[in-house]
Amino acid sequence: MIDIKLFIPVLAMALKVKRLSAEQPMIGKLVRELRQAMNLSQEKFAQELGTTFPTINRWENGHATPSPLALKQIEILLQQLGDRGEALRTKYFPEDKSES
């Protein structure tokens with residue numbers, strides 16, 4: 001028998017991605033501000049995340065949404081920025097502050 005507890009994190013991420021899809025323009029703004037806070041070009045930011053310049057460009061312009069893996073990497077970068085990253089996270093997802 002499969003333990004349902006194993007699926008809870010997957011379900012939580014799926015719901016978060018669905019919500020983020022609805023907030024696609026906000027994700028683009030967050031990606032842009034994070035990239036600028038790190039003082040990186042779209043190309044260098046893409047290298048940091050292991051993706052391509054066109055992908056970063058599509059995210060920032062609201063034409064695509066980051067994958068769950070990319071969202072996790074973005075979250076890690078926000079954490080690495082310390083207070084600046086927390087301020088960005090709170091700005092774009094104020095209700096998520098308690099989830100950290």
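In this predicted model, arginine 35 is buried, its relative accessible area being 11%, and a residue counts as buried when that value is under 20%. Arginine 35 lies in helix H2, which spans residues 24–37. Leaving aside residues up to four places away in sequence, arginine 35 touches Leu40, Ser41, Gln42, Phe45, Ile56 and Glu60. Among these partners, Gln42 and Phe45 also belong to the H3 side of a contact between two helices, while Ile56 and Glu60 belong to its H4 side.

Two packed helices are described by the angle between their axes and by the distance between the axes. The axes of helix H3 (residues 42–49) and helix H4 (residues 53–60) come within 8 Å and cross at roughly 105°, which means that H3 is roughly perpendicular to H4. On the H3 side the contact is made by Gln42, Glu43, Phe45, Ala46 and Leu49, and on the H4 side by Phe53, Ile56, Asn57, Trp59 and Glu60.

Turning to H4 itself, which of its residues are buried? They are Thr55, Ile56, Trp59 and Glu60. Viewed down the axis of H4, the buried residues fall within an arc of 130°, so they line one face of the helix. Beyond the helix, H4 is followed by glycine 62, whose phi is positive, near 75°.

How values were computed
Residues numbered from 1 in each chain as written. Predicted model: local features only at pLDDT ≥ 70, side-chain atom pairs only at ≥ 80, totals over all residues. Heavy atoms only, no water. Axes fitted to C-alpha atoms, helices over the stretch in contact; angles between N-to-C directions. Helix = DSSP H or I, 4+ residues; strand = E, 2+ residues; numbered from the N terminus. Parallel < 35°, antiparallel > 145°, perpendicular 65-115°, else oblique. Contact = heavy atoms within 4.5 Å. Buried < 20%, exposed > 50% of the residue type's maximum accessible area, 1.4 Å probe, protein only. Arc of directions from axis to C-beta.
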